[in-house]
Amino acid sequence: MTATIQSPRSGKDGAKPGAGLIAPKYRRSGASKGNFEMAAWLFMRLSGVVLVVLIFGHLFVNLLVGEGIHAIDFGFVAGKWADPFWQFWDLAMLWLAMLHGTNGVRTIINDYAEKDSTRFWLKIVLYAATTVIIILGTLVIFTFNPCPVDVNGIPLPGGFCPAA
Amino acid sequence: MPTKPAGTLYRGREGMWSWVGHRITGVVIFFFLLVHVLDTSLVRVSPEAYTAVIGAYKNPLMALGETGLVAAIVFHAFNGLRIIAVDFWKKGAKYQRQMLWTVLILWVIVMVGFSIRHLSLAFGGH
């Protein structure tokens with residue numbers, strides 16, 4: 001039997017009269033996947049612009065100002081997160097970068113992993129890692145304690161504790 | 001006799017290589033991000049644990065790695081803005097090649113500045 005390959009715009013593939021000339025399987029609207037891929041495409045561009053600002057600011061403040069990398073220690077982090085401005089800066093950076101990166105890696109998995117089961121499992125691993133990192137990072141930012149104590153309530157060395 | 005196919009918009013030219021570079025830098029940055037959230041999380045273990053691990057980033061060999069990472073980030077950032085221009089600016093596709101060269105020139109300028117500052121701090125023996 002000879003397979004007939006239809007012209008995409010022939011409209012012969014079950015198209016109702018007046019439903020447009022594009023055969024249903026080539027139409028972009030009404031697809032079952034909804035607009036997820038379009039939303040993901042748009043998210044990459046919007047988050048990308050914001051991330052340029054957030055990450056360039058992060059690199060400038062942490063690596064180029066003053067002593068640069070030599071200034072980074074527990075006290076440096078405590079100093080930044082004492083200010084809600086930097087907490088939310090880092091929170092936004094965490095969420096946007098993780099979601100932007102996860103969607104990028106998802107695209108790469110879809111492009112290169114040819115077996116359905118390989119794609120499925122790679123994406124399961126990816127989403128699990130993303131979930132763990134986002135939750136962990138969010139908790140770290142908002143439960144940070146500049147004066148951590150041990151099980152006996154004695155302050156750990158290197159912390160910043162109010163004078164008793 | 002088969003003739004050589006005519007050039008396409010992207011294949012084998014600036015458009016394709018910038019796409020390859022965007023992918024590779026993106027993956028590198030993503031894996032560093034996973035590690036970086038984990039190392040920062042040590043502030044919830046103890047001040048000494050955090051300061052010890054972050055100390056590893058301060059040796060001169062790591063400074064070279066950090067410079068490479070920042071090079072990846074800066075390329076990905078500038079090329080990402082170029083992709084946005086290609087998608088949203090009416091003349092974006094027409095000027096994509098010129099924009100890539102602009103990206104590369106800006107990238108070299110930023111990286112020369114960053115490298116001088118960061119490597120002199122790292123090798124400066126503080």
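In the predicted model, Leu33(B) touches Ala97(A), Met98(A) and Gly101(A), residues up to four places away in sequence being left out of the count. Leu33(B), Ala97(A) and Met98(A) are also among the residues with the most contacts inside the largest nonpolar core, together with Ile29(B), Phe30(B), Ile73(B) and Val74(B). This core has 14 residues. Two or more of its residues come from each of α1 (36-64) and α3 of chain A and from each of α1 and α3 of chain B. A second, separate core consists of six residues, including Val77(A) and Val140(A) from chain A and Val43(B) and Tyr50(B) from chain B. In soluble globular proteins, nonpolar side chains tend to be buried together.

Leu33(B) is one of the buried residues of α1(B), a group that also holds Ser18(B), Thr25(B), Gly26(B), Ile29(B), Phe30(B) and Thr40(B). The cover over these residues is drawn from both chains and includes α3 (84-112) and α4 (116-143) of chain A as well as α3 (60-88) and α4 (96-123) of chain B. Helix α1(B) comprises residues 14-41. Its 28 residues should span 40 Å at 1.5 Å a residue, and the C-alpha atoms at its ends are 40 Å apart, so expectation and model agree.

The contact between the chains involves 35 residues of chain A and 32 residues of chain B. On the chain B side, α1, α2 (47-55), α3 and α4 each supply at least two residues. The largest share, 10 residues, comes from α1(B). Sorted by class, the side of chain B that touches chain A has 18 nonpolar, eight polar and six charged residues.

A kink of about 25° is present in α1(A), centred on Leu51(A). Leu51(A) is itself buried, as are Ser47(A), Ile55(A) and Leu63(A) of this helix. The buried residues of α1(A) pack against α3 of chain A and against α3 and α4 of chain B. After α1(A) comes Gly66(A), which has a positive phi, near 60°.

Chain A has four helices and zero strands, in the order α-α-α-α along the sequence. Chain B likewise contains four helices and zero strands, and its elements run α-α-α-α from the N terminus on. Buried residues account for 11% of the 164 residues in chain A and for 21% of the 126 residues in chain B. Of the contacts in chain A with a separation of 6 or more, 44% join residues 24 or more positions apart. In chain B, 67% of the contacts with a separation of 6 or more are made by residues 24 or more positions apart.

The model scores ipTM 0.88 and pTM 0.83. Chain A averages a pLDDT of 86, with 79% of the residues scoring at least 70. Within chain A, confidence is lowest in helix α2 (residues 74-81), at a mean of 92, and highest in α3(A), at 97. For chain B the mean pLDDT is 90, and 90% of the residues reach 70 or more.

Technical notes:
Residues numbered from 1 in each chain as written. Chains lettered and ligands numbered in written order. Predicted model: local features only at pLDDT ≥ 70, side-chain atom pairs only at ≥ 80, totals over all residues. Expected span 1.5 Å × (residues − 1). Buried ≥ 20, exposed ≤ 12 C-beta atoms within 10 Å, placed from the backbone. Contact = placed C-beta atoms within 7 Å. Nonpolar A, V, L, I, M, F, W, Y, C, P; charged D, E, K, R; others polar. pLDDT = per-residue confidence, 0-100. Core = buried A, V, L, I, M, F, W, Y, C linked by C-beta atoms within 7 Å. Bend = angle between axes of the 7 residues up to and from the residue.
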